[in-house]
Amino acid sequence: MNRSITVPAEYYWAIEDAQELAVILTSKREQYLQFLMGSTLGDRILRLWRYYLNFYDQGITSAVRSQGGPEIVFEGEDGEMVNLSVNHLRSIIHMLLTYITQNPPYWEAMASNADHRSLEDARLVRSILEDYVYKFRLGGRFRRAVEHSLILTEGFMSVLWDEELGPETGEFSPVYDERGQISGGGIGRIGDFDFGSPTIFDVCRDYTQREWESHDWVLIDTERNKWDLVAQHPELQEQILAGDSYGLQANPTRGIFLSNVSMSDSTRLRHFFHRPTAAMPFGRHTAFVNPEAVLVDENWGRQLPIKRMVPAELLLTAFGHTPGFDLLGPQELVNAEFSTIATSHNALGQTKIWFKTGSPINQADLEPGITVI
């Protein structure tokens, strides 16, 4: 969809109507990805991501690369050059991940007063927190966020709300077709938290800021089953199924291993959150698939529902830094050294015997694998 985007200078773009806001946010996300992937930071992130998965681009042809490997590649005119990958980088980062996550977070509810009622309420809150950690498997999500931070420089935990989660209300919510007949529906639910682990590619923000805490707004990309969204919003079926211009290819890492997503039933659902500020006193939450399929547009009177985790800050920017960057050079050196050793063994490791012309010893009398000169 090509639409001209003009943001009047006399007022804040975030107060636009929902459809025009979705157009503006789509453009901002495109600018964010172009900036990230066109920067040195984006190049290093993708290199570290490939190295972590033992996928190295050292002279691998396009045919081999499309198959995701292999670990040993023979090159040169006669296959005399051997490229070998020995992935020490992954083992080091995985060791760091294990050290960091071996003691999961422990929740402790503190009572502000010392009376019996407050102490009982604190115990109840602690039980609820423990139940959420178990029910939503938050330990695994915490570990994933840490792993993202070590590889992609940043890890995130988002806390959204999904009306289709939680206990059932017992009330049937019908879905009507164009003739007014009931065509489907389901038992209503009271809703519940929806925890996610978005990546740096899924969290669009003002990349010109110098500190993460300075951000007033954030745009979070999530993947949802498009037919679930159609069931919840049947009046927008055609618009939801149309998807958006980026679709699932919005994540640059997909194109390396997953080049075809045409069979996917997922679509991108984007959540825009703006915290309350002087320019936006009531805040804002807008959820949309595309500018024609805006599903939610409401006030948002709280802070941004996302937490960020970084090994270290990339100074004077709102991005992170990971010690994995420091392992890129040593890992490339390790691969080069082992490739040199493997090439030498491949060329000289086999037994070679020199015979004078007319020698009574026949090559057929020798063991297989011996080269006769």
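**Notebook: sheet, helix packing and cores**

I began at strand E10, where Phe288 stands opposite Arg270. The model I am reading is a predicted one.

**Entry 1: E9 and its partners**

Next I looked up how E9 and E10 are joined. E9 (residues 266-274) and E10 (residues 284-290) run antiparallel, with 5 bridges between them. I then turned to E8 (residues 217-225), which is joined to E9 by 9 bridges and is also antiparallel to E9. Here I noted that Leu269 in E9 has Thr222 opposite.

Is E9 buried or exposed? I found 8 of its 9 residues buried, so the rest of the structure largely encloses this strand.

**Entry 2**

I traced the strand order as E7-E8-E9-E10-E11. These 5 strands make an open sheet with antiparallel pairing. Which strands are at the edges? They are E7 (203-204) and E11 (293-298), and each of them pairs on one side only. I checked E7 against E8 and found 2 bridges in the antiparallel sense. In that pair, Val203 stands opposite Ile220 in E8. Helix H1 (residues 18-37) packs on the sheet and touches E7, E8, E9, E10 and E11. I noted about 75 degrees between the direction of H1 and that of E10.

**Entry 3: H2 against H4**

I moved on to helix H2 (residues 40-52) and helix H4 (residues 88-101). Their axes lie 8 Å apart, and the packing angle is about 95 degrees. Angles of 65 to 115 degrees count as roughly perpendicular, so H2 is roughly perpendicular to H4. Which residues meet? From H2 I listed Leu48, Tyr51 and Tyr52; from H4, Leu89, Arg90, Ile93 and His94. Sorted by class, this contact has 5 nonpolar residues, 1 polar and 1 charged.

**Entry 4: nonpolar cores**

Leu89 came up again in the largest nonpolar core, which has 38 residues. Together with Trp13, Ile93, Ile200 and Phe272, Leu89 touches the most other members. I looked up which elements give two or more residues to this core: H1, H2, H4, helix H6 (138-152) and E8. Which gives the largest share? That is H1, with 8 residues. I also found another core of 10 residues, lying apart from the largest one. Among its members are Trp212, Phe273, Trp300 and Leu304.

How values were computed: Residues are numbered from 1 along each chain as its sequence is written. This is a predicted model: local features need pLDDT of at least 70, side-chain atom pairs count only at pLDDT 80 or more; totals for chains, interfaces and linings use all residues. Side-chain values use heavy atoms; hydrogens and water are left out. Axes are lines fitted to C-alpha atoms, for helices over the stretch in contact, and angles run from 0 to 180 degrees between N-to-C directions. Helices (H or I, at least four residues) and strands (E, at least two) are DSSP runs, numbered from the N terminus. Angles under 35 degrees count as roughly parallel, over 145 as roughly antiparallel, 65 to 115 as roughly perpendicular and the rest as oblique. Contact means heavy atoms within 4.5 Å. Ala, Val, Leu, Ile, Met, Phe, Trp, Tyr, Cys and Pro count as nonpolar, Asp, Glu, Lys and Arg as charged, and the others, Gly among them, as polar. Buried means under 20% relative accessible area, exposed over 50%, partly exposed in between (1.4 Å probe, protein chains only). Two strands pair if DSSP finds at least two bridges between them. A nonpolar core is a set of buried Ala, Val, Leu, Ile, Met, Phe, Trp, Tyr and Cys residues joined through side-chain atoms within 4.5 Å.
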